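Colleague: Could you take me through this structure by question and answer, starting with how its strands pair?

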Amino acid sequence: MKSLRFMLSFVLMSVSAVAIAQSEPQKSDAEKSFDTMKTLAGNWEGPVSTDPPQADMDMSKPLHISLRVTSRGNALVHEMQEAGTPLDPARYDHPITMLYVDSGRLTLVHYCDAGNRPRMVARISPDGKKVEFDFLDLSGGTQYGHMHHAVFTIVDANHHIEDWTYMMPGDKPVRAHMDLKRGQ
């Protein structure tokens with residue numbers, strides 16, 4: 001009788017463990033992509049190159065990127081600026097990008113120095129190391145162009161690559177490549 005009670009208790013605990021495991025919600029691809037992006041929280045620095053080269057950009061200075069998880073883990077703030085420059089919005093570019101999960105998809109909104117706000121949606125690579133954002137729509141004008149595409153490639157915990165495509169007026173793409181190492 002004792003062994004029957006033990007066996008019955010064991011079976012009931014096993015069934016309840018399986019039921020609990022099955023009731024935990026599975027993460028969507030958007031949530032998995034966002035979790036991947038949140039691992040980039042911190043300060044990053046590295047060289048930037050453009051194709052075609054841009055005469056008004058000093059390629060000898062590294063770029064500083066700051067990524068910060070905020071809003072109780074529901075948003076990621078991406079701030080970009082030329083390393084060593086003060087936060088003076090009248091003299092220096094300092095675009096802000098916000099990432100968040102919205103309606104089942106990872107969304108990026110880039111608050112551009114060109115005065116517009118392109119919105120992009122993500123797709124993650126099968127290995128989970130690359131999150132690519134495709135243009136969805138735009139608020140504001142395109143007189144000075146707009147950001148059109150972004151790719152984040154995670155090399156390891158202290159190294160990632162960002163590739164951004166900016167569409168100049170007349171739909172002429174300028175690609176920026178940033179090879180970033182984790183800073184202090």
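Colleague: Which residue in β7 is the bridge partner of T107?

Modeller: This is a predicted model, in which local features need pLDDT of at least 70 and side-chain atom pairs count only at pLDDT 80 or more, while totals for chains, interfaces and linings use all residues. Residues are numbered from 1 along each chain as its sequence is written, and side-chain values use heavy atoms, with hydrogens and water left out. Strands here are DSSP runs of E with at least two residues, helices are runs of H or I with at least four, both numbered from the N terminus, and two strands pair if DSSP finds at least two bridges between them. β6 and β7 run antiparallel and are joined by three bridges, and within β7 the partner of T107 is V121.

Colleague: Which residue in the turn between β7 and β8 has a positive phi?

Modeller: β7 and β8 run antiparallel, with eight bridges joining them, and M120 stands opposite F135 in β8. The two strands form a hairpin with five residues between them, and the turn residue with a positive phi, of about 80 degrees, is G128.

Colleague: How many residues apart in sequence are the parts that the pair D134 and R123 ties together?

Modeller: A salt bridge (a side-chain nitrogen of Lys or Arg within 4 Å of a carboxyl oxygen of Asp or Glu) links D134 with R123, their closest N and O atoms being 2.6 Å apart. Because D134 lies in strand β8 (residues 130-139) and R123 in strand β7 (residues 117-124), the parts that this pair ties together are apart in sequence by eleven residues.

Colleague: Is D134 buried or partly exposed?

Modeller: Buried means under 20% relative accessible area and exposed means over 50%, with partly exposed in between, for a 1.4 Å probe and protein chains only. The relative accessibility of D134 is 24%, so D134 counts as partly exposed.

Colleague: How large is the arc that the buried residues of α2 cover around the axis?

Modeller: Helix α2 (residues 29-38) has A30, S33, F34, T36 and M37 buried. In an α-helix there are 3.6 residues a turn, so residues three or four places apart point the same way.
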